[in-house]
Each structure stands twice: as structure tokens, then as C-alpha cells.
Amino acid sequence: MQRAVLGGVLLGILGGILGSFLILRRLSLFGDTVGHSAMLGVVLAALLELPATWTLIGFTVAFGLGVIYLIDRTDLGSDTVLCVSLSGSIALGTIGFSYLKGYRGNLLSILFGDILAISNTDLILLLLLLAVTLVWLIISLPEQILLTLNSDLALVKGIPVRGHRYFFIVLLAITIALTIRAVGILLVNGFLVIPAASARLICQQFVPFLATAAGMGALSGVMGMIVSGAIDLPSGPSIVLVQLFGFLAVVLWCRQS
Amino acid sequence: MHQNLSVTQPIVTVRNLSVMRGEYLAVDNVSFELLPGTHTAIIGPNGAGKSTLIKSILGLLEARAGEISLFNCTGKQSKRFKQEIGYIPQKFSFERTFPLTVSELVGLGLNSKQWWYSSKQKREKIYQALEQVHLTKQAQQKIGTLSGGELKRVLLAYCLVVPRRLLVLDEALAGVDATGEMEFAALLHNLKQEQNWTILEVSHDLDLVSKYCDSVICMNRRLLNQGLPSTTLTPENLLHIYGSLVSPTCHHHEPSQLPESF
């Protein structure tokens, strides 16, 4: 239980920080696309008998970079490329599942995850990922804000926009891979988008926006676990529901004020 | 970091530059030079390749042929001078709820080390830049609440927050009201006169071009004309460029006669 709460908090902080950039860069659908592609990653791990966590991380990183490469190299809008990639990966993943004998029982755990099954290795990976993310932010926060706001201004200033974008995608893909184990493919995007969307409604400045999104993510992790334990609900969906209620409360508060 | 260039050494040299936009040759074999401390306007009809030309100079678009030299350096060597270039784009779109205040945006113009300055030092630099564009009252306002004209002035403050040697503006005055337009132009003039900034701007305002610019580049994919406003902005030339009669108001007074507030 303690591992699960700590896992929820770490995932909430990571989701809040990275999700903030995700929604401002208009890539909200990206989390969904990479999350759903993870089904194909899980199938590959099972078919090739590879370790699930590492295969999932490797697959989501490769898939995420591939999608961003396609967005950069085609004149299509990012939503179009994301939809094409999403459909393709689900089709391949579903076909892959049909080849797995005696493994289909795990489908539910991939779809909905199990935060109580978070291992010590997962926690260490999450801590490492959070440390790397924070260092990345401290080193390059003004550059990240500028390239999020306007990539031309960033390029003129000499900021390596493409390098920063690709590194962000790597961090995001690893976060998605680890979040899937806790809340599943279907709810992974909630961790990224909902706390950041709530923070965006109430914050005027950038650093408070990041801190609020991370704080809301962490708080909903703890609250969700409490709700889940108190009234015996599945933990992942409980966390996302707490995030949703938080978002609705913010919307109401904003309308009133 | 500062490479001293002699007064006559060009800040920007463009030689036989051609740039494609997709299948379309947007800039065709254009050559010119910008000397330090000069204000040059690029004029021409819509679709003439003006924005393409400056984006190529700034390294935002790749050239198909030709050479661009910035601060006497070409290619990757010129990248080390990026911090000395200010740029105001033609379009600056972002979501209205973007959580960024005016002073935060201006602060992004500082280099990375300066960004982590103690807040007082940083605030002073930002305040001074905002003061120059008369927007100190809006410092804590969210950028999404600004009008188009105010946003252009904030972007100018973003460029002013550190000393630059080259300022590139792509229709920076579009959306700015008449008073703001004059103030903006006068401020650019001061930067040129007092701080020796080199200014390159795309403009459709021939009145202001004739009043404030030292040199005019007329183009329609190709270079049509280049020279002093008095020799390039003639009715014959403008008829040739725009295909109809256009004439700027003549400004006989000296550019140094600025509004009192400046």
C-alpha cells in the first residue's frame, strides 16, 4: 500500500510537470496515442519473451520518437498523424493478441493497470525519472518556455529546438510506460492532461503553473488511494476520478470568480 | 563574445540567395548588404517573398542557393551571434490561456544565465525594457489579455531587454494603432541612432519607411530596386512594384526630429 501511494505521488508529479508542456504544445492526443500503442509493446514482449517493463519503455520511446518524426516530416497536422499512428498501433496490437495463446487474461490489467502491483524497481525508475526531469527543467526552463510559446523565437535565439523536443518526448514516453503499469492504457492520458488543465485555468505565471500541476497530480495520487481504500474502488480509476472532480471544482470556481 | 566589426563592414551580407517554399521559388537570386547602424525596409506586394527572405537570413528556412553572412561569419560560425539578434515575427499565435505574464515573456529575452539572476536585478532589466515601450502597467498581465498592438510592443521589449546588434521585424507594426505606430518607429530610430542597432524590417507602411529608413529594398521574388527612400519610393518604381499607383507622404523633416516623449 505504501509503495502504491508513493508511486501515485511520483506519477502525479511527473504527469503534472510533463503534462503542462504537453497541453501547451497542443500534443494532448500524444499521450493517448503512445499509451494505446503500448498494447503492441506488451504483445511484442510476450511474443518475444522479453521483460515487460523494459520492453514497454523501449517500445514507447521508439514509438513516440517515430510519431514526432512523422509530424515533423509531413505537412499533415499533428492530430492527423497521431490518429493514423493510434489506429495503426491498435490494429497491430489486436492482431498480435490473437496470436497469444493463454495470455488474454492479462488484457484487463493492461487496459486498467494495477497501482498496487507497483514494484520497488518501478519506484526506483520513477525516482530516477523525476530527478532527470527536474534537472532538465532547472537547466533549460527558459528555453522550454520559449520554444513552447513560439519555436521561431527560440530558433532565432539559438535554442536547439529539435533536440529539446525529442528529449521531452523520451521523458514523456518513459513516464507513459511506467504510468500504464499503474493505471492502464485507457486512463494514462488523464494523469498527463487533467492536473495540467486544472492548473492552467487558475495560474497566470509559468512557474506557479508547473508547481500547481505537479502539486495537483501528487495530491490526487494520495486522495485517490484514500478513496480507493475507503470505499473499495479500483485504485487507478479512483485517482483519475479525483483529478476529474478537482478539474470540475476549478472550472466552477473560475466561473464564480 | 563581441566581435568588433568596422563601421563599413556589413552586419548582413546576402549573396545570390534563392529560397523555395514547397515547389515555389519564393526568393530568386537576391543580393544585398546591411551596414551597421542602418535601418533598412523590405517592401513589395503580398507573396513577394519578403518574409521568406528574412526567415532565411535568420536561419528559419534553408536556402536553395546562395550565401548569407551574419557578423562576417557564415553557416554554423554565425550561430554564436544568435543572442545578438532580436526578432519580431509577423504572426505570433498562442492560446489565450497560456500561463505567462508580460514580464515573464520579456524576461525570456535574457540569456539563460541572466534568467537565473536574483529577482531584483532581473526585475530591473525587465522594467527598463517595458518602460521603453510604455507597458510597465501591464507587467503582471497575462499575455493572452493583450491586444495585437500591445503584444507587438511586448515583443519589442523582449528584444530590448538585452543589447542587440541586429533587429529583424516582420510587419511589426501591423495591428498597432496610429500613436503606437509613431512611438514604435521613433523608438527604433533611437535604437539605431544611440545604440547603433542595425534594423531590417518588412513593412507595408511607405510613409514610415520614407520617414525613418536609410535604405529600401524593393522586391517581388527578385530584387527590383535598392537605395535611398528618395530614389526608390518614386511613383514609377512603386507602379512597377505594386502594379497600381501608390505614393508615400513626403517627409521633408529630418528623422532626428522625434516626438517629445522620446
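Visitor: How many residues of chain B are in contact with chain A?
Guide: This is a predicted model, in which local features need pLDDT of at least 70 and side-chain atom pairs count only at pLDDT 80 or more, while totals for chains, interfaces and linings use all residues. Residues are numbered from 1 along each chain as its sequence is written, chains are lettered from A and ligands numbered from 1 in the order in which they are written, and side-chain values use heavy atoms, with hydrogens and water left out. As for the contact, 32 residues of chain B touch 24 residues of chain A, where contact means heavy atoms within 4.5 Å.

Visitor: And what area is buried there?
Guide: About 2,600 Å² is buried between chain B and chain A, with carbon and sulfur atoms giving 62% of that. Buried area is the accessible area (1.4 Å probe) that two parts lose on being put together, summed over both. In chain B, the residues that lose the most area to chain A are Phe98(B), Pro99(B) and Leu108(B), together 23% of what that side buries.

Visitor: How many salt bridges cross that interface?
Guide: The rule finds two between chain B and chain A, a salt bridge being a side-chain nitrogen of Lys or Arg within 4 Å of a carboxyl oxygen of Asp or Glu. Glu95(B) meets Arg200(A) in a salt bridge at 2.6 Å, N to O. Glu95(B) also forms a salt bridge with Arg26(A), at 3.1 Å, N to O. That pair runs from the loop between helix 1 (2-24) and helix 2 (28-47) of chain A, which holds Arg26(A), to the loop between strand 6 and helix 2 of chain B, which holds Glu95(B). Helices (H or I, at least four residues) and strands (E, at least two) are DSSP runs, numbered from the N terminus. Over all chains, the search finds eight salt bridges.

Visitor: How many residue pairs are in polar contact between chain B and chain A?
Guide: The count is nine residue pairs, both residues at pLDDT 80 or more. A polar contact is a pair of N or O atoms within 3.5 Å; within protein, one must be able to donate a hydrogen and the other to accept it, and residues adjacent in sequence count only if both atoms are side-chain atoms. On the side of chain B that touches chain A, the elements giving two or more residues are strand 6 (85-88), helix 2 (102-107), helix 3 (112-115) and helix 5 (148-160) of chain B.

Visitor: Changing topic: what is the order of the four-strand sheet in chain B?
Guide: The order is 2-1-4-5, in an open sheet with antiparallel pairing. Two strands pair if DSSP finds at least two bridges between them. Strand 1 (residues 12-21) of chain B pairs with strand 4 (residues 65-70) of chain B over five bridges, and with strand 2 of chain B over seven bridges.

Visitor: Which residues stand opposite Thr13(B)?
Guide: Thr13(B) faces Ser69(B) in strand 4 of chain B, and its bridge partner in strand 2 of chain B is Glu33(B).
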